[in-house]
Amino acid sequence: MERICNVAKNHREAGEWDIKQNLRLTPNERMKIARILRERVFGKNTKDVREWNKIN
C-alpha cells in the first residue's frame, strides 16, 4: 500500500477523506492490513485459544 499524506482543513474534511480512502481499498489490501495489525498487537507466535477447549 502506498503511503499518502492528506492535510485537511477541518475534522469533517479529514473524516470524509478517511472514509473515501477506506472505500478505495481492495478486499486483499484490507486483509493484508488486518494481518499486519493483528501481528503488531498479538505477535506472530500466539497460542490457539481453541486448543484450550479441547483439553478442558
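First, the ground rules. This is a predicted model, in which local features need pLDDT of at least 70 and side-chain atom pairs count only at pLDDT 80 or more, while totals for chains, interfaces and linings use all residues. Residues are numbered from 1 along each chain as its sequence is written, and side-chain values use heavy atoms, with hydrogens and water left out.

The protein chain has three helices and zero strands, in the order α-α-α along the sequence. Helices here are DSSP runs of H or I with at least four residues, strands are runs of E with at least two, and numbering starts from the N terminus. Of the 56 residues in the chain, 2% are buried. Buried means under 20% relative accessible area, exposed means over 50%, and partly exposed is in between, with a 1.4 Å probe and protein chains only. The accessible surface comes to about 5,900 Å², and carbon and sulfur atoms hold 55% of that. Those areas come from the Shrake-Rupley method with a 1.4 Å probe, and for residues only the protein chains shown count as cover.

Now α1. This helix has 14 residues and reaches 20 Å from first C-alpha to last, close to the 20 Å expected at 1.5 Å a residue. The expected span is 1.5 Å times one less than the number of residues.

A salt bridge is a side-chain nitrogen of Lys or Arg within 4 Å of a carboxyl oxygen of Asp or Glu. Why can such side chains pair? Side chains of opposite charge can do so when their charged atoms come close. Glu16 and Arg12 are four residues apart in α1, so about one helical turn separates them. Arg12 is exposed at 59% relative accessibility, whereas Glu16 is partly exposed at 37%. The whole structure has one salt bridge.

Back to Glu29. A polar atom of the Glu29 side chain lies 2.9 Å from the backbone nitrogen of Thr26. Glu29 is partly exposed, at 29% relative accessible area. Its helix, α2, covers residues 27-42, and just after α2, Gly43 takes a positive phi of about 85°.

Methods:
A polar contact is a pair of N or O atoms within 3.5 Å; within protein, one must be able to donate a hydrogen and the other to accept it, and residues adjacent in sequence count only if both atoms are side-chain atoms.
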